[in-house]
Amino acid sequence: MRESARRSENHACLRFNSGNGVTVISTPGAPVPSGQDNFIKGNSIYSNGKLGIDLGNDGVTPNDPGDTDTGPNTLLNFPEIVSAVVTPTGLDVSFTLDTRQGNYTIEFFSNATADPTGYGEGQQVIYEAPVNISTIGDNLHTVSIPGAILLGTLITATTSWNGGGTSEFSRAVAAGPPQPPVVSSTFFNGEPRRTALAFQFDQQVAIDSPLQAASVINADTGAVVKIVTAEYQPADRYLTIGLFVPLPNDNYVLKINSAAITNNYGQHLAGDGKTEGTDYTYTFFILTGDTNGNRTVDFTDFMTLAQHYAKQGDASDGDFDSNMFVDFRDLLLLAQNYGRHLSPPARPARARHVTRH
Ligand SMILES: [Ca+2]
Ligand SMILES: [Ca+2]
Ligand SMILES: [Ca+2]
Ligand SMILES: [Ca+2]
């Protein structure tokens, strides 16, 4: 999502201190929490001996998941800058902010040098943008900052809760040219039957006709496997591919076509993780009854199932029909494959050419 934003003014210049630029501390044991609600905004903070902003006077305080920790300025989490991309009109900064629900202001800075820790400082304010956090967890925001920024400029940011309080500085990220999108993570739904495969991209993409964007073949026979559904969710950047199940026990290759995936800068997918225009391939196998993914259904798998029998579980616990419960039907499915071993494909990770008529 893109946030509207406005430029902010400079207020103070805090530099060339031997210690921190700004330190916020709480008094230990105070009946009322102290060191709270301190805004540190609109300043120029750089070339300090220690951190630009230090909550707790103890060095960089890492972000905690969900931002539930307490301390000076509630130890507010700073933004995690994912990318800073120089565009013809300015700078696109993408970041995530893992904090509690509410309204925040993100202040962005440019720097000639970073603090030795890699966090901060904040030499020049270049922008501030409002961000509303409505859901906890992965949320990618992109702010377009107008004005010329040189390649290599170090970009940092702080979080301010609009109710009061500012975070420490983010890690400094160098402004660079646009990078092609890559697949950053993968997960199964209903493993090992693999009713769905989901692929997350590292940045926002557009997908022409998701059903055509991917294909699955049997790695041994080259036979095409039917894809039932394909859907792209911009909120979490996942392309989810639903397969015709149950897939027979075998080796498979899924391919995502680079040409079908485009980012905001017109670049296509770098399926190999670096080279734009390369397809992404993902190899997997189906062996019902194999709880631990070692391609063999044996006594170890049986014992795993027995330990979870009559309980909730997933495929790694022995739920093979994906009803989230380990029961007699799963035991039968394991028994049907007991003693079976599935060899890797003869030529791993390489799909055979399939001719369609
Ligand atoms: Ca600190
Ligand atoms: Ca925190
Ligand atoms: Ca096994
Ligand atoms: Ca089951």
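Glycine 271 is found in the loop between strand S20 (261-263) and S21, where strands are DSSP runs of E with at least two residues, numbered from the N terminus. The model is predicted, and local features need pLDDT of at least 70, side-chain atom pairs count only at pLDDT 80 or more, and totals for chains, interfaces and linings use all residues. Residues are numbered from 1 along each chain as its sequence is written, and chains are lettered from A and ligands numbered from 1 in the order in which they are written.

Glycine 271 counts as buried, with 23 C-beta neighbours inside 10 Å (buried: 20 or more other C-beta atoms within 10 Å, the C-beta atoms being placed from the backbone). Apart from neighbours within four places in sequence, its contacts are Ile256, Ser258, Thr278, Asp279, Tyr280 and Thr281 (contact: C-beta atoms, placed from the backbone, within 7 Å). Valine 183 lies 88 residues from glycine 271 in sequence, with 6.9 Å between the two C-alpha atoms.

Strand S21 belongs to an open sheet of four strands, ordered S16-S15-S19-S21 with antiparallel pairing (two strands pair if DSSP finds at least two bridges between them). Strand S16 (224-225) and strand S21 (280-286) are at the edges with a single partner strand each, so one side of each has no neighbour in the sheet. Seven bridges link S21 to strand S19 (residues 250-256) in the antiparallel sense; aspartate 250 has isoleucine 286 of S21 as its bridge partner.

Another open sheet consists of three strands in the order S5-S6-S9, also paired antiparallel. Strand S6 (residues 90-96) is joined to S9 by seven bridges, and aspartate 92 has serine 144 in S9 as its bridge partner.

Note on methods
Buried ≥ 20, exposed ≤ 12 C-beta atoms within 10 Å, placed from the backbone. Contact = placed C-beta atoms within 7 Å.
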